[in-house]
Amino acid sequence: MGRALKLAIPVLFAGLVLWWASYYTTIVLWELRKLFSWLALPLLVAGFAALLWLVVKLLRRTAGNRGGDAAVALGCSGAVVGLVLAVGWLVYGAYLQDRAYMEDVRIVSEPVPELAARAPYLVGKAQAAPHLGDVTGEIADITYLPDSDRFSTLVERRGWLAGYEVGLVQDIPLGGNSRNQQRCEFDVDVADARIGGWFNHNLGRKISAEKRGLRFDADDAYVVCAGDTPTVVVPLKRQTGFLVVTERPAGLALYDGRTGKLRITTDTASVAGPSYPISIAARQREATAAVGGFADWWFERSGWDASEDGANEGNESELTLQYRDGSGRSAYVTPLTPQGEASSVVAVSTVPTRHQGRGLAPMTVHRLEPTWSSPKAIVALIKAEYRDVCCYNDDMVFEVVPTGGSTWTATVGSEQNIRYRVEGRGQIAGREATCLKSADGALIRCAYAAPGSPEEAELKRREQEKQKGQPTPGGTRDPGDLGAYSAGELAELHRRVSEEVVRRLKGA
């Protein structure tokens, strides 16, 4: 009885520790499961080799020296075969994992749906700090919320045993002067947990205590403000598979910044932001390397890579964009280049930012025909064609994003003031429309307007308006129908009239 108690007490104590340490046990089991998927087949081979060794040993005992050479040869052959199978599985298992992530991928020749341009991510990031006021914390995360067309910023409070300090949601329109911000402060005495925090101030620990076996990527988390109440939204992930282990979405963890209460839900429609983990979307996009056979995957002859030529530095893939059909839908969008040295964009991938269920969201790869030039070449074209507006002082070309079909949009300005956008189609060497517009979309001029394009129609309309504005017999100029002027054109006309009035008053 005494021996049983001596054995049972340590086992019971270890079990209680493992039960209490749900966060660390989740991490350990998560990593062990991934490791086991890689080592399962090699372990089976090792077991087979051990069995052969036992057989060899028995043969040597029974046959003496007569069967010794054959037994040694058999054992060596088993060891070599086991090593080859182990290495082969490590390679082929990676291919099978990519294939598992490609189960919901469609490759189509349909044009990319119309997408709405937005303020660049780097601008949202740069404008967060000046609008935080006297907040002393550190910016932990910046996320674009496509539902409200706003950027959210999550700020950590300084200190080891502290959570988040404030959430900031700001309106950064691509055109116009609106700069609305909404700050929602955390109750630092009650809601004192954060991702990566210490001890009981670790939000990951609270999530594991609520539901074991789920993990998350810190870059997937963001904050939303409902009035003065901040809510930290953490998209969760789970593991599936045995020999081939992959990740799948597993709902959301919602952490109330006022009460400190945590709620895990699978009702992702009620959250005003992306519910599908962007880390899984990125993994699906990377898995397109396995679109062909194993040989094509091994020699990198199939699939696509994100365009990484430096033009979209800081935000090159999984660009969160809204659809322009008014449905409120949005997607993670990535311009794709073929694997290798080519840099032209030949396809665009889209993954919805919202997804119900526990399976992978459908990913669509739209092949472009014609393809369009690399973002780096587009930036060079903009600097050459519109050198009077780009780029001097702190102005630069920001994100070059696909906006539907074969069209792209680039934004021009500084981190604090987006001034222009340039829209184009197809290869920059072709005679396609590349037009300069104001930030709010008013056409300024085109390097070349393609026949039949909306830009050509607008330029013809302007030319007709100019002809109508020729001097009349009374010596005055007819400005035409002011209602036909865009907001930008009317503002420019008002500015010129004001300047002329001031000049004449000074002259008098």
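Modeller: A disulfide is a pair of cysteine sulfur atoms within 2.5 Å. Keep that cut-off in mind, and remember that this is a predicted model.

Colleague: How do you know that Cys184 and Cys225 form a disulfide?

Modeller: The S to S distance of Cys184 and Cys225 is 1.8 Å. The cut-off is 2.5 Å, so the pair counts. A search of the whole structure finds one disulfide.

Colleague: Which hand does the link of Cys184 and Cys225 have?

Modeller: The link is left-handed, with -55° about the S-S bond.

Colleague: What parts does the pair of Cys184 and Cys225 tie together?

Modeller: Cys184 belongs to strand β6, and Cys225 to strand β7, residues 222-226. The pair therefore joins parts that are 41 residues apart in sequence.

Colleague: Are these cysteines buried or exposed, Cys184 and Cys225?

Modeller: Buried means under 20% relative accessible area. Cys184 is at 0%, so Cys184 is buried. Cys225 has 17%, so Cys225 is buried too.

Colleague: Now the rings. What describes a pair of aromatic rings?

Modeller: Two values do: the distance of the centres and the angle of the planes. By the rule used here, the count comes to ten aromatic pairs.

Colleague: What makes Trp160 and Trp198 an aromatic pair, and which kind is it?

Modeller: Their centres are 5.3 Å apart, with 10° between the planes. Ring centres must lie within 6.5 Å, and planes under 30 degrees apart count as stacked. So Trp160 and Trp198 are a stacked pair. Trp160 sits in the loop between β4 (150-156) and β5 (164-170). Trp198 sits in the loop between β6 (181-185) and α5 (203-210). The pair therefore ties together parts that are 38 residues apart in sequence.

Colleague: Why do Trp160 and Trp198 get their accessibility labels?

Modeller: Exposed means over 50%, and partly exposed lies between the two cut-offs. Trp160 has 65%, so Trp160 is exposed. Trp198 has 42%, so Trp198 is partly exposed.

Colleague: Which kind of pair do Trp198 and Phe199 form?

Modeller: A tilted one: 5.9 Å centre to centre, with 55° between the planes. Phe199 is exposed, because its relative accessible area is 55%.

Colleague: Which residues do ring pairs link into a cluster?

Modeller: Tyr92, Tyr95, Phe294, Trp297 and Trp298.

Colleague: How do you know that Arg118 lies over the face of Tyr144?

Modeller: Arg118 is at 5.1 Å from the ring centre of Tyr144. The limit is 6 Å, and the charge must also be within 35 degrees of the ring normal. Arg118 lies over the face of Tyr144. Arg329 lies over the face of Tyr323, at 4.3 Å from the ring centre.

Colleague: Where do Asp149 and Glu300 lie?

Modeller: Asp149 is in the loop between β3 and β4. At 31%, Asp149 falls between the cut-offs, so it counts as partly exposed. Glu300 is in the loop between α7 (294-298) and β11 (304-306). Glu300 has 54%, so it is exposed.

Colleague: What is the volume of the second largest pocket?

Modeller: About 570 Å³. Of its 28 lining residues, the closest to its centre are Ile142, Asp219, Ile278, Asn315 and Glu318.

Colleague: Which element supplies the largest share of that lining?

Modeller: β3, with five residues. β3 (138-145) and α6 (278-286) each supply at least two. The lining divides into 13 nonpolar, six polar and nine charged residues.

Colleague: Last, why is Val389 called buried?

Modeller: Its relative accessible area is 7%, which is under 20%, so Val389 is buried. Val389 sits in the loop between α8 (375-385) and β16 (396-404). Val389 and Leu436 are 47 residues apart in sequence, and 9.4 Å apart from C-alpha to C-alpha.

Conventions: Residues are numbered from 1 along each chain as its sequence is written. This is a predicted model: local features need pLDDT of at least 70, side-chain atom pairs count only at pLDDT 80 or more; totals for chains, interfaces and linings use all residues. Side-chain values use heavy atoms; hydrogens and water are left out. On a 1 Å grid over the protein atoms alone, a cavity is a set of points where a 1.4 Å probe fits but cannot get out, and a pocket is an open set with protein on both sides within 12 Å along at least five of seven lines; lining residues have an atom within 4 Å of a point. Grid points are joined across faces, edges and corners, and a volume is the space filled by probe spheres set on the points. Helices (H or I, at least four residues) and strands (E, at least two) are DSSP runs, numbered from the N terminus. Ala, Val, Leu, Ile, Met, Phe, Trp, Tyr, Cys and Pro count as nonpolar, Asp, Glu, Lys and Arg as charged, and the others, Gly among them, as polar. Rings of Phe, Tyr and Trp (its six-membered ring) pair if their centres lie within 6.5 Å; planes under 30 degrees apart count as stacked, over 60 as edge-to-face and the rest as tilted. Buried means under 20% relative accessible area, exposed over 50%, partly exposed in between (1.4 Å probe, protein chains only).
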